[in-house]
Amino acid sequence: MEPAEILSHAGGGAISLAWLMIVLPLAGAAILLIGGRATNKWGHLLGVLMSVGAFVVAALVFLQLIGLDPAQRRQSVNLYEFIPGVANIGLLIDPLSISFCLLITFVGSLIHVYSIGYMSHDPDRRRFFAYLNLFVAAMLLLVLADNYVALFIGWEGVGLASYLLIGFWQYKPSAAVAAKKAFVVNRVGDFGLLVAMFLIFAQFGTLSYAEVFPNAAQASQGVQTAIGLLLLLGACGKSAQLPLQSWLLDAMEGPTPVSALIHAATMVTAGVYLVVRSGAAFFPEGSTAGLVVTIVGVATLLAGAIIGTAKDDIKKGLAGSTMSQIGYMMLAAGIGPAGYAFAIAHLITHGFFKADLFLGAGSVMHAMNDEVDMRRYGGLRKLLPITFVTFFIGYLAIIGFPLLSGYFTKDGIIESVMHHNAILGWLAVLGAGITGFYMTRMVVMTFFGPKRWDEKAHPHESPAVMTWPLIILSVFSVGLGAYLILSNRLLVFLAPAVGQPAELPVFHPFSVPGLTTLALVAVGAGIAIAKYGRSEVPVVQPRGSFLTVFARRDLYGDALNEALFMRPGQWLTRLAVFFDNRGIDGVVNGLAAGVGGSSGRLRKIQTGYVRSYALSIFVGAAVLAGAWFVVGTL
Amino acid sequence: MTTHYLVLSALLFAIGGIGVLVRRNAIVVFMCVELMLNACNLAFVTFARQNGNVDGQVIAFFVMIVAAAEVVIGLAIIVTIFRTRRSASVDDASLLKY
Amino acid sequence: MGETITFWVLAVVSVSAALGLVFSRKAVYCALMLGVVMLSLAVLYAVQDAPFLAAVQIIVYTGAVMMLFLFVLMLVGVDSSDSLVETIRGQRFWAIVAGLAFAALVALGIGNVVFAPATGLGAVNAAGNVPSLAELIFTRYVFAFEVTSALLITAALGAMVLAHRERLEQRATQRELSRERFVKYGEEGIDPSPLPGPGTYARANAIDMPALLPDGKISKLSVNRYIARYEAEEGTIDPKVAEILEGEDK
Amino acid sequence: MTAIPWLSILMGVSVLGALGVSFLKNDKLAKQATLGVSLLVLVLAVVMTVGFSPNGDRFQYAETYDWIPSFGVHYAVAVDGVALVLILLSAVLVPIVVLASWHDAEQGKRSVRTYFALLLVLEAMMIGVFAATDVFLFYVFFEAMLIPMYFMIGSYGGAQRSYAAVKFLLYSLFGGLLMLVAVIALYNVADKNSFLFPDLIGAVTDPTTQKWLFLGFFVAFAIKAPLWPVHTWLPDAAAQAPAGAAVLLVGVLDKVGTYGMLRFCLELFPDAAKWATPVVIALSVIGIVYGAIVAIGQTDIKRLIAYTSISHFGFITMGVFAMTTTAASGATLYMVNHGFSTGVLFLVAGFLIYRRGSQFIADYGGVQKVAPLLAGAFLIAGLSGLSLPGLSTFVSEFMVLLGTFERYAVPAIIGTTGVILAAIYILWMYQRTMNGPTAESVAEMKDLNGRERWVVAPLIALIVVLGFFPKPLLDVINPAVKESLVNVKVTDPAPVVAVKEGQ
């Protein structure tokens with residue numbers, strides 16, 4: 001089934017007030033940033049309020065939307081003319097965008113609440129909330145936009161918020177560098193997105209979804225593929241997919257709630273959103289672009305998983321995991337309508353359980369004086385009971401423990417990919433096994449075994465304002481997957497926005513891939529328990545084998561970037577500066593010096609002796625006389 | 001005959017010019033300039049007769065007046081220079097250079 | 001015929017004098033040579049039907065201008081003679097080359113031109129040379145003439161300004177001068193009174209007659225040493241003067 | 001409304017103000033008077049803008065008087081949309097620059113009030129150069145504008161000021177002379193006995209003549225803009241000029257170059273412009289990438305900003321010569337936005353440099369900790385320099401690239417890499433100056449004071465508002481640009497796929 005037609009909203013109801021979703025947090029950010037220190041006292045509360053307000057609006061819009069006939073569920077609300085002749089700012093309310101809105105505002109609000117506690121000792125807490133609000137606004141604009149330009153504004157807005165939040169503790173050089181790196185790598189992706197937009201505009205003369213999507217098929221095959229690949233480049237940047245993955249691990253320099261909200265639950269999934277949103281038009285089933293998406297997805301899911309196995313930093317381990325899980329989503333998004341629902345379902349459940357895991361990790365760090373090295377944890381389950389339980393639920397969800405969220409969504413992806421391309425499917429199964437290993441390793445190293453922290457740390461459970469969000473998130477991590485997948489609830493809901501496959505998938509609890517996955521996960525978990533649970537974990541990182549180092553160094557991604565781009569870039573920069581100073585400016589200054597030098601020599605003729613001057617006059621007279629004579633005789 | 005006068009005039013003029021160029025005493029240089037002026041006057045007078053009108057003579061007359069004025073000023077300058085530098089050599093006054 | 005002879009004679013004279021002007025070391029000789037050239041030219045003017053100019057040439061040039069030259073020469077120093085060593089490299093060589101080339105080229109040029117027989121000024125000068133000149137000067141050239149008069153006045157003023165030396169301090173009063181004289185007398189023994197003129201209290205006021213002081217002695221200051229020596233050699237010296245001279249020689 | 005000679009009033013107020021200021025005895029009073037006069041000009045300019053009808057005649061507020069009748073030279077001023085927004089840009093920037101330069105002229109021995117009088121003179125010249133519709137008058141303003149700027153750099157600038165001022169002057173004069181030759185030749189070739197711009201449109205038909213005249217104008221404008229490879233005067237001039245003068249130099253004066261290309265090169269010599277387009281586009285693209293790469297390698301804050309401008313001017317010239325409505329409108333909008341964006345960047349950098357007394361990036365570090373407002377302003381300014389969506393520069397850069405892509409896809413794609421490089425040069429500079437541990441030398445640095453906030457706030461507000469709502473400006477610009485392109489006789493390429501109506 002093709003996606004429904006995008007209708008122009010007639011007005012009325014919550015939908016026409018959907019702009020409030022964006023404006024509320026934006027206003028919050030503006031008030032907190034412009035208000036300055038005067039808002040220090042209540043700034044965090046305002047931030048939470050605005051985020052919750054956005055959630056309320058989203059919920060109301062959602063309620064209005066499900067009240068409509070499925071064919072009427074894609075409505076665009078034009079707000080104002082942005083660039084005459086090119087683009088308007090408008091919102092597209094459809095099942096896809098509203099799903100995202102609910103996820104963003106709900107998880108976002110929880111993380112806002114959590115941050116009240118997490119950032120309570122930070123003198124700049126107000127600024128932090130301002131940035132969070134800014135992020136929420138930008139992210140909502142990204143998903144709600146009804147054209148590529150507005151999407152791009154949100155796209156860069158979240159990039160900015162991400163930059164500001166990664167570099168929130170900017171006095172740490174590592175944070176400042178990581179923030180810059182994130183922005184620059186994202187810009188590489190943006191390059192793709194920009195060129196894609198140019199190409200779309202040159203082809204269709206518009207950038208609005210409503211006009212582009214129905215006509216996409218009229219463009220030539222090559223153009224479609226080109227647009228798809230360029231969009232994919234943008235998606236890779238934002239979603240940390242190969243080859244633009246390197247920024248995500250460094251982005252863990254930001255405060256943990258940021259990692260949870262931006263670098264796990266929402267922003268990094270924007271790439272998936274972009275692919276799914278443009279899917280029907282530029283990544284149709286069986287297209288080259290779609291194939292590339294799946295390859296990128298599989299490569300990233302394996303790479304992320306491998307990186308996750310070797311990290312001792314709890315947040316970087318989770319970051320590797322995030323890469324990997326987004327790889328799954330990409331993989332699903334690349335196979336066409338059969339995968340969209342699973343991609344989005346996994347995206348949503350991942351948003352919950354990964355946020356749960358990150359916030360749990362944050363809670364651990366909060367308890368351990370911001371220590372992030374898992375080798376210095378150990379045996380924390382008794383001291384941090386709530387954190388442990390919620391983290392453990394998240395853990396079970398992510399490894400796909402039966403009946404928890406991840407089980408349904410990841411299994412759904414693997415199943416649908418199997419139908420599409422068996423090789424990719426089995427690779428995805430392998431990835432699930434590795435997931436089992438690294439997540440178990442993480443849980444074991446953190447919560448089990450003997451304590452390995454030194455005397456200065458006094459682990460203590462986090463305050464209620466931090467534990468309640470954990471509890472809520474873990475509750476959703478348990479049940480959401482089943483709710484979305486069973487009886488294809490999400491698939492049917494999303495159908496007007498992204499289309500649906502000819503035959504609806506049926507959930508098989510005991511299929512071969514499903515069982516294999518479970519078995520591999522069990523094996524992975526078993527190895528992890530054997531390696532880290534049964535034997536002593538060294539406090540200092542051992543050197544490790546070649547493979548461990550390979551994974552620990554992020555598969556040499558940074559080294560590769562450095563060798564391929566950074567060093568030649570620096571060399572080129574120096575060359576260009578030299579060329580500018582000595583080459584271009586050298587020519588100009590050389591010309592000036594030449595004129596100056598020759599006139600300097602020439603002026604020596606001016607000896608000051610009157611008689612010399614007189615001689616030159618007289619010689620001139622003689623020459624004139626000669627010339628006269630010559631001319632006269634001619 | 002006109003040719004003879006003119007050649008004489010040219011000769012005198014050239015000799016005056018050489019004098020200006022080789023002599024260093026400002027007064028002598030000045031005299032050589034006067035010689036050149038006189039050589040010109042001779043040519044004017046010659047042409048006046050050649051052409052049968054006295055315009056040439058009038059010009060020569062004006063030249064004489066201007067030469068007189070010039071001598072007055074020039075010699076005053078020489079005296080002033082001499083007073084300050086105790087020298088009448090034109091080569092000594094060579095500060096205005098480069 | 002007369003003109004030709006006059007021309008050739010004067011041409012030789014004037015060119016030789018001009019060369020002399022260029023080559024003589026002493027400035028005074030130069031001035032005299034210039035005078036010779038000017039006089040020769042005056043004659044040539046007269047020969048060419050320009051009697052007025054000939055007169056002006058003699059009066060203004062040989063008279064006024066040459067006098068000015070000589071005055072300045074005296075101010076600057078009559079007997080200063082030029083060193084004939086050239087200091088600017090190549091100056092003399094190139095000057096002579098350029099001069100000869102110029103002369104040769106112009107002469108050749110003139111020689112190549114074939115002039116019609118001179119019209120002559122007989123007709124124009126019928127009423128006299130001066131009236132015909134005057135008629136032109138006060139009609140066609142009247143503006144130039146007026147400007148020239150302005151030029152002359154300006155030149156005169158300019159000469160005054162240039163030759164004028166600005167007084168930097170107050171002019172000394174008589175009282176100050178007198179005090180200075182007496183200080184000098186006290187310190188160096190120089191007589192404060194003015195020098196006696198020659199021949200004071202003497203029978204004659206010739207230059208060789210020394211002045212007598214009130215006591216009848218000869219004032220040493222008034223003895224002209226040159227004349228005294230000359231007289232001493234001739235033996236016609238006044239014994240009193242000889243006494244003073246001998247006192248000085250020792 | 002049309003009876004009021006608005007443009008002459010604007011210039012007259014500035015010039016009279018300059019005269020008045022130069023006669024004031026008291027420096028403080030002179031500053032206040034300058035501020036007052038410039039604000040008055042701003043108010044007048046805004047009133048004039050309100051009265052402008054975008055869809056009316058192309059040239060409005062026209063005044064034409066004979067100046068040298070025997071040569072057909074007129075004092076003729078009028079504005080179309082493009083000129084109007086640029087005049088508005090100047091009128092907005094000058095009061096801000098005055099406020100920002102409050103203490104800038106006090107460091108040397110030169111007269112303070114002369115500096116402010118020069119500012120006002122410059123304002124009059126800037127208005128004049130954009131308003132002139134007589135080619136000769138334009139030339140006169142074009143050259144006369146150099147004089148106040150020369151003195152502002154040469155007398156009030158940094159250590160290398162005389163070198164920079166002379167370089168600036170010689171470069172500009174060289175171009176100006178070529179243009180003078182072309183102006184005179186144009187007059188003779190057109191043979192209309194008039195220098196009036198409307199009379200000269202389409203007057204030159206011979207292709208070869210067009211090419212030569214085009215080159216004369218173009219070289220002058222390329223130097224002014226500046227386009228690679230005749231750009232090297234800008235980093236020196238901008239780095240040595242006092243911050244306020246640098247703002248006007250880069251923000252407004254250089255726009256005369258790009259404005260001239262759009263107005264004169266394109267409309268007077270359309271065929272030659274089309275002939276030259278490949279080369280110009282190539283130079284622009286080189287400028288974009290080259291300027292950005294060299295900017296990355298700079299160690300001096302002001303030089304860095306200057307090089308970023310060279311990159312941005314590459315975008316503008318590319319937009320102008322792409323000859324599509326979108327690109328040309330975008331380029332015009334870019335001129336305005338770049339004025340605001342680089343203006344605030346230079347001013348904030350100026351505040352920073354004023355505090356520390358050094359232009360070198362290496363002398364800073366961790367300023368964010370001690371002066372958060374300053375750092376914030378610097379960041380926003382920087383972000384507008386890298387064309388972050390939501391800030392005004394994005395709109396223009398996007399339009400330029402979008403419009404260029406329609407006709408010249410490959411240059412547009414290469415130009416888009418400038419987006420990545422921009423992120424590197426801006427953020428790296430920000431990181432090195434503002435982030436990291438606080439350097440000892442900046443530990444005592446004071447945050448923005450009240451005056452400086454008043455300098456920065458309006459510009460940032462403008463940048464943000466225009467970033468989300470550029471329509472008012474575009475509505476003024478678009479009709480003018482369309483008319484220009486009609487004179488050039490080009491039409492926009494049609495989209496490949498015809499989108500059905502009603503969808």
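The following exercises, each with a worked solution, concern a predicted model with several chains.

**Exercise 1. The fold of chain B**

Task: Determine how many helices and strands chain B has, and state in which order its elements run from the N terminus on.

Solution. 
Step 1. Count the elements: chain B holds 3 helices and 0 strands.
Step 2. Read them from the N terminus on, which gives the order α-α-α.
Step 3. Turn to burial. Of the 98 residues in chain B, 60% are buried, where a buried residue has 20 or more other C-beta atoms within 10 Å of its own.

**Exercise 2. Annotated spans in chain B**

Task: State where UniProt places the feature "transmembrane region" in chain B, and describe the span of residues 6-22 and the span of residues 27-47.

Solution. 
Step 1. Consult the record: an unreviewed UniProt entry places this feature at residues 6-22, 27-47 and 59-82 of chain B.
Step 2. Examine residues 6-22 of chain B. This span is 100% helix and 0% strand, and its end C-alpha atoms lie 24 Å apart.
Step 3. Examine residues 27-47 of chain B. Here too the span is 100% helix and 0% strand, with 30 Å between the end C-alpha atoms.

**Exercise 3. The contact between chains B and C**

Task: Identify which pair of chains has the most contacts, and describe the side that chain B contributes to its contact with chain C.

Solution. 
Step 1. Among the 4 pairs of chains that touch, the most contacts are between chains B and C.
Step 2. Count the residues involved: 61 come from chain B and 68 from chain C.
Step 3. Assign the residues of chain B to elements. α1 (2-22), α2 (26-51) and α3 (55-85) of chain B each give two or more residues to this side.
Step 4. Find the main contributor: α3(B) gives the most, with 21 residues.
Step 5. Sort by class. The side of chain B that touches chain C divides into 40 nonpolar, 15 polar and 6 charged residues.

**Exercise 4. Chain D and its neighbours**

Task: Describe the contact of chain D with chain A, and state how far chain D lies from chain B and from chain C.

Solution. 
Step 1. The contact between chains D and A takes 45 residues from chain D and 47 residues from chain A.
Step 2. Several helices of chain D supply at least two residues each to this side, among them α13 (270-296), α18 (392-407) and α21 (471-488).
Step 3. The most is given by α19(D), with 11 residues.
Step 4. By class, the side of chain D that touches chain A has 28 nonpolar, 13 polar and 4 charged residues.
Step 5. Now consider the chains that do not touch chain D. No contact joins chains B and D, and their closest C-alpha atoms lie 22 Å apart. Chains C and D do not touch either, with 34 Å between their nearest C-alpha atoms.

**Exercise 5. A helix of chain D**

Solution. 

**Exercise 6. Domains of chains A and C**

Task: State how chain A and chain C are divided into domains, and describe how domains 1 and 2 meet in chain A and in chain C.

Solution. 
Step 1. Chain A has domain 1 (162-562) and domain 2 (563-633). The centres of these two domains are 67 Å apart.
Step 2. In chain A, 4 residues of domain 1 are in contact with 5 residues of domain 2. The domain 1 side has 2 nonpolar, 1 polar and 1 charged residues.
Step 3. Chain C has domain 1 (1-81), domain 2 (125-166) and domain 3 (195-249). Between the centres of domain 1 and domain 2 of chain C there are 22 Å.
Step 4. In chain C, 4 residues of domain 1 are in contact with 4 residues of domain 2. The domain 1 side consists of 3 nonpolar, no polar and 1 charged residues.

Conventions
Residues numbered from 1 in each chain as written. Chains lettered and ligands numbered in written order. Predicted model: local features only at pLDDT ≥ 70, side-chain atom pairs only at ≥ 80, totals over all residues. Domains from an automatic or database assignment. Contact = placed C-beta atoms within 7 Å. Nonpolar A, V, L, I, M, F, W, Y, C, P; charged D, E, K, R; others polar. UniProt positions renumbered as here; feature names shortened; annotations may be inferred. Helix = DSSP H or I, 4+ residues; strand = E, 2+ residues; numbered from the N terminus. Buried ≥ 20, exposed ≤ 12 C-beta atoms within 10 Å, placed from the backbone.
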